[in-house]
Structure formats: C-alpha cells, structure tokens
Amino acid sequence: MVSIRALVGVALAVALVAGVAAVAATQRGRASRDSHAAKISSPGAGGSSPVATSPSPTPVDAYRLKLKGRYQQTSYYCEPASAAMSLATFGVKVDQNTLARKMKTRSTGTKVSDVETVMDSYLYKRHYNDTVVGDVFDAPEILMTKVSYDIGVLRRAPILQVWSKRLPWDRKAGKGEEHAIVAYGYHISKGTITVFDPWGPTGGTHTISVKALATSFADRAAMHYFERI
C-alpha cells in the first residue's frame with residue numbers, strides 16, 4: 001500500500017512541473033507577442049494587411065543596391081516610376097503605364113493608399129508586406145533603422161514620400177509638391193542615404209544626410225516600409 005506521504009510527494013512534484021511549464025508557456029507567449037510589430041497604415045490605407053515580423057538581423061554598416069534608374073514619363077508619374085524601380089528589386093518587371101492605371105493616377109497625382117494597395121498586390125504572393133509608416137518623419141535614427149533593414153537585410157528599395165522643394169537639389173520657397181523617390185543605398189556611420197529621384201530636370205542619383213531626408217517627408221505618409229510576412 002502506498003503511504004500518504006508518498007502520495008503527497010508525488011502530488012507536489014506534479015504541481016511543480018506544471019508550474020514550470022506554465023511559466024515557460026507564458027514567457028513564450030510574451031516573446032511571440034513582442035516579436036511582432038503593429039502595422040502602421042497611412043490615412044485611408046485600410047490597414048487590412050497581415051502583421052509582419054519585426055526586423056531582427058543587423059544590417060552591415062553600408063550597402064547600395066544595383067538599381068536601374070527610371071525617370072518618370074510624365075510630370076505626374078513619380079509614383080508609378082518609383083514603384084517600378086522598387087518592384088524591380090523584388091524581381092517584378094512592370095512598366096509605368098500599367099502601374100499608373102492600377103494606381104488610378106491622374107494629372108493631379110496618385111493617392112498614397114492606392115500605391116500601397118498596388119504594391120501589396122505584387123508583394124503578398126512573394127511573402128512581403130508594404131506598410132506606409134509615419135514614425136520616420138523628423139526622426140533620423142528611426143529612418144536609418146528602417147532604410148538599412150529594407151536595403152541591407154531584405155535587399156529591397158523602399159519608396160519615400162517627400163516634399164520636392166525640401167530636397168537639397170530642388171530647394172525653393174515652400175514645401176513644393178508631394179513627390180516620390182526611391183532609397184537604394186545607405187551608410188550608417190556617415191549618416192547618409194542614397195536615393196534616385198525620377199524627376200528629370202533635377203533628379204537622378206543623390207546622396208543626402210539622413211537628418212535632411214527625415215525633415216523632407218510629406219507629413220505622416222512618409223515611407224513604404226517592407227517586411228517579410
């Protein structure tokens with residue numbers, strides 16, 4: 001016959017194991033929740049995209065993608081031109097006219113939410129997500145973190161939404177027009193980002209300080225941030 005003392009000992013042992021398992025499960029759950037970043041959508045973007053995993057690999061100090069620059073075919077095709085360059089880094093070949101039609105581009109420009117929707121239509125099947133983020137606005141450290149992740153880790157070129165006249169190579173009085181450019185290089189220790197501006201007269205490849213770029217954004221709809229899903 002098993003003694004009462006032995007039964008009590010077994011019960012205590014089972015309770016201890018169960019307690020350790022519960023703590024471990026709680027920690028795994030907390031780690032899982034902490035490893036996911038919330039999707040920050042631009043106004044009107046819908047926010048229906050799946051939640052993407054937070055960046056974890058550390059990018060190298062400097063990296064530049066091989067990018068074929070494309071100038072916009074009309075005065076209002078900056079979004080289609082920038083999207084075409086960005087998508088090319090995902091292996092997607094699509095012309096500006098096709099993107100302009102899908103993005104409902106008009107002579108007055110293109111809505112950022114439409115750009116995000118069309119980008120995602122190409123990226124989801126490749127297990128990537130495009131989220132328009134505003135936390136890089138006037139925040140150079142956050143901007144460099146996100147740009148270096150997209151370029152240095154994912155090897156993709158993100159679209160940036162800026163005020164054209166806030167760019168050093170196109171600076172005049174006032175904000176100017178809302179404009180799209182593509183980032184395809186960075187240098188963390190030097191604090192610089194290399195972009196391609198599709199605007200013909202003053203565009204092309206330019207290297208700009210991350211501080212200056214962070215202040216050139218078009219308010220809260222600032223950067224198309226790519227993540228794996």
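This is a predicted model: local features need pLDDT of at least 70, side-chain atom pairs count only at pLDDT 80 or more; totals for chains, interfaces and linings use all residues.
Residues are numbered from 1 along each chain as its sequence is written, and side-chain values use heavy atoms, with hydrogens and water left out.

Helices (H or I, at least four residues) and strands (E, at least two) are DSSP runs, numbered from the N terminus. From its first C-alpha to its last, helix 4 reaches 16 Å, close to the expected 16 Å at 1.5 Å a residue, where the expected span is 1.5 Å times one less than the number of residues. Among its buried residues are Val 112, Val 115 and Glu 116, and the buried residues pack against helix 2, helix 3, strand 2, strand 3, strand 4 and strand 7, contact being heavy atoms within 4.5 Å.

Strand 7 contains His 224, which is buried with a relative accessible area of 0%. Residues that His 224 touches, leaving aside those up to four places away in sequence, include Val 112, Val 115, Glu 116 and Asp 130. The side chains of His 224 and Asp 130 are also joined by a polar contact of 2.9 Å (a pair of N or O atoms within 3.5 Å; within protein, one must be able to donate a hydrogen and the other to accept it, and residues adjacent in sequence count only if both atoms are side-chain atoms).

Most residues other than glycine have a negative phi. His 127, in the loop between helix 4 and strand 2, has a phi near 65°, and Asp 138, in the loop between strand 2 and helix 5, has a positive phi of about 55°. His 127 is exposed, with a relative accessible area of 51%, and Asp 138 is likewise exposed, at 51%.

Definitions and conventions: Buried means under 20% relative accessible area, exposed over 50%, partly exposed in between (1.4 Å probe, protein chains only).
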